[in-house]
Amino acid sequence: MKVGIIVFPGSNCDHDMYYAVKTMLGDQTHFIWHQEASLKGFDAVVLPGGFSYGDYLRAGAIARFSPILQEVVHFAEMGKKVLGICNGFQVLTESGLLPGALMRNRNLRFICKNVYIRAENIDTIFTSKMKKGQTLSIPVAHGEGNYFIGDAGYQGLIDNNQIVFRYCSAEGKLTDTDNPNGSRDSIAGVINKKGNVLGMMPHPERAIEQILGSADGRYLFESMIS
Amino acid sequence: MKVVIKVRLKNGILDPQGKTVNNALHHLGFSTVENVRIGKLIELDMKENNRNEAHVKIEEACRKLLANPVIEDYTYEIAED
């Protein structure tokens, strides 16, 4: 599988992602500069974390108009795999590929810590190697990760089983204390209706080796690659 | 022409920034302040003579970029021609 990692001005998790994908997958990992206009030959693309265009206006709002993003939209429409992490998730909601929006954390602070998330939907190409309800230890690092969606949109997420991850306690319980940023219903990651575009705030690419605290991120990459 | 656009969080959406500023105002003794909401003000200089045309373009710019319709509302006025 050939995976492209999109690099915007201000991306800063692109090399972590490259390392993670390459470690899990081998040779077929490439950086794609945002000015490029083709994704020909790629099977999956990843929008990494960072502060694309300095988060000007709103996080992800400007990156959405990069030449490559038009191509990512087509790529997604073709049913190919698109993964957005952190700022990548913000870009996906801004571009309309995923529902909802990411707002300022409710405590107004930048939150950088390990959290637990629960795999809510394992019938996806990104989570098939997980167990239903499995608790994963994955770090978050964001100032705007407070997932918001209106009532109608929220009902849509529930009806179509689009909530993939929720923040939880180490034991897998949903509590307000374990919801780091105030996201509606503790939502940490959602998938599109078609099931090929996933966005999540936590960073699985920072959790692929036990020596760095957790290797739980591997489940996601193993699912994606299989 | 000069255009002034105001972008606000929709009613009912929690504004933690506004809440924090509200608390700070209370600490300073502004006890009659009951609520604070914080938004953005965007000024555009437009080379446009036709007001109707300008309205269409501003609406489009707001919908496509300047506001996120999931969480924000916008209003605008053409301040001077």
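What follows describes a predicted model, taking each chain in turn and then the place where they touch.

## Chain A as a whole

Chain A contains 5 helices and 11 strands, and its C-alpha atoms fill a box of roughly 45 × 35 × 30 Å when this is taken along the principal axes.

Buried residues account for 54% of the 226 residues of chain A. If one takes the contacts in chain A between residues at least 6 apart in sequence, 76% of them join residues that are at least 24 apart.

## The nonpolar core

The largest nonpolar core has 69 residues, and those with the most contacts inside it are A:Ile6, A:Val46 and A:Ile117. What does A:Ile6 touch, once its neighbours within four places in sequence are left aside? The residues in contact with A:Ile6 are then A:Ile32, A:His34, A:Val45, A:Val46, A:Leu47 and A:Ile68.

## Helix α2 of chain A

Just after α2(A), the residue A:Gly79 takes a positive phi of about 90°.

A:Tyr53 is found in the loop between β3 and α2 of chain A, and its phi is near 50°, a positive value in a residue other than glycine. In the loop between β3 and α2 there is also A:Leu57, which has a positive phi of about 70° although it is not a glycine.

Is each of these residues buried or partly exposed? A:Tyr53 has 22 other C-beta atoms within 10 Å and is therefore buried, since the cut-off for a buried residue is 20 or more. A:Leu57, with 17 C-beta neighbours inside 10 Å, counts as partly exposed.

## Chain B as a whole

Chain B has 2 helices and 3 strands, and when it is read along the sequence these follow the pattern β-α-β-α-β. The radius of gyration of chain B is 16 Å, well over the 12 Å that the globule rule gives for 81 residues, so chain B is more spread out than a compact globule. The C-alpha atoms of chain B fill a box of roughly 50 × 25 × 15 Å, taken along the principal axes.

Buried residues make up 11% of the 81 residues in chain B. Among the contacts in chain B with a separation of 6 or more, 70% are between residues 24 or more positions apart.

## Strands and a loop in chain B

Strand β1 of chain B (residues 2-9) is joined by 6 bridges to β2(B), and the two strands run antiparallel. Within this pairing, the bridge partner of B:Val4 in β2(B) is B:Glu43. Strand β2(B), which spans residues 40-45, is hardly covered, for the count of buried residues among its 6 residues is 0.

B:Val33 has its place in the loop between α1 (16-27) and β2 of chain B, and with 14 C-beta neighbours inside 10 Å it counts as partly exposed. Leaving aside its neighbours within four places in sequence, B:Val33 is in contact with B:Asn22, B:Leu25 and B:His26. B:Val33 and B:Met46 are 13 residues apart along the chain, and their C-alpha atoms are separated by 37 Å.

## Where the chains touch

How many residues does each chain give to the contact? Chain A contributes 10 residues and chain B contributes 9 residues. Sorted by class, the side of chain A that touches chain B has 5 nonpolar, 1 polar and 4 charged residues.

How values were computed. Residues numbered from 1 in each chain as written. Chains lettered and ligands numbered in written order. Predicted model: local features only at pLDDT ≥ 70, side-chain atom pairs only at ≥ 80, totals over all residues. Contact = placed C-beta atoms within 7 Å. Nonpolar A, V, L, I, M, F, W, Y, C, P; charged D, E, K, R; others polar. Helix = DSSP H or I, 4+ residues; strand = E, 2+ residues; numbered from the N terminus. Core = buried A, V, L, I, M, F, W, Y, C linked by C-beta atoms within 7 Å. Buried ≥ 20, exposed ≤ 12 C-beta atoms within 10 Å, placed from the backbone. Pairing = 2+ DSSP bridges. Rg over C-alpha atoms; globule rule 2.2 N^0.38 Å.
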